[in-house]
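Subject: Structure for you to look over

Dear colleague,

I am handing over a structure that I would like you to look at, and my notes on it follow below.

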Amino acid sequence: MRFIDLFAGLGGFHVALKRLNHQCVFACEVDTCLQNLYSKNFGLKAHGDIRTVPRSRIPSHEILCAGFPCQPFSKAGTQEGLKCPRYGDLFDYVMRILREREPKYLILENVPNLARHEGGKTWKGMSNRLRRAGYTIREHRFSPHQFGIPQVRERIYIVGCRNGLDGFEWPAVK
């Protein structure tokens with residue numbers, strides 16, 4: 001399947017999906033050092049800020065991956081959430097792409113506090129928007145150490161499918 005890699009960073013989603021023989025057809029990353037590294041590692045130019053990319057440049061795809069910035073939701077961050085002047089609108093761009101391109105699947109990643117931010121109201125609103133866009137979603141928290149990788153860095157992962165998630169199972173932890 002074809003996938004897009006939004007807020008690509010070092011390309012974690014790219015590595016995982018490439019191992020499953022999927023093809024990245026678009027990436028964006030605002031940090032120029034990470035753009036250069038992404039290009040070097042994957043042979044694909046990562047576009048800059050998603051807010052400046054013309055919608056016509058985003059190709060059709062079956063999987064949307066997005067690790068949207070976590071600073072507004074992190075306990076160590078600003079706690080401004082969706083009102084953050086720098087990053088608060090980026091989830092809106094994810095939603096716009098989901099509505100316009102209607103990929104079958106989505107995979108999102110963020111800090112666990114996203115689910116608790118503003119007493120859970122932020123995540124409730126975001127998850128309602130995903131459901132209204134036609135996705136059945138599930139979320140789960142994982143840390144790399146649960147899979148034998150020596151790093152404790154808990155994250156919330158959100159998966160979604162336009163045709164429901166019957167038969168979907170989260171991977172077993174070690």
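How many cavities of 30 Å³ or more does the count come to? In this predicted model, the count comes to one cavity of that size, and the volume of the largest cavity is about 30 Å³. Its lining is formed by F68, P69, F73, L82, Y87, G88, L90 and F91, a set that divides into seven nonpolar residues, one polar residue and no charged ones.

The other finding concerns two helices, α3 (residues 90-101) and α4 (residues 121-132), whose axes come within 10 Å and cross at roughly 15°. Because angles under 35 degrees count as roughly parallel, α3 is described as roughly parallel to α4, and α3 passes α4 in a right-handed crossing. On the α3 side the contact is made by F91, D92, M95, L98 and R99, while α4 contributes M126, R129 and L130; taken together, the residues of this contact comprise five nonpolar, no polar and three charged.

Best regards

Conventions. Residues numbered from 1 in each chain as written. Predicted model: local features only at pLDDT ≥ 70, side-chain atom pairs only at ≥ 80, totals over all residues. Heavy atoms only, no water. Axes fitted to C-alpha atoms, helices over the stretch in contact; angles between N-to-C directions. Helix = DSSP H or I, 4+ residues; strand = E, 2+ residues; numbered from the N terminus. Parallel < 35°, antiparallel > 145°, perpendicular 65-115°, else oblique. Left-handed = near helix turned anticlockwise from the far one by under 90°. Contact = heavy atoms within 4.5 Å. Nonpolar A, V, L, I, M, F, W, Y, C, P; charged D, E, K, R; others polar. 1 Å grid on protein atoms, 1.4 Å probe; cavity = no way out; pocket = protein on both sides within 12 Å on 5 of 7 lines; lining within 4 Å. Points joined across faces, edges and corners; volume = space filled by probe spheres on them.
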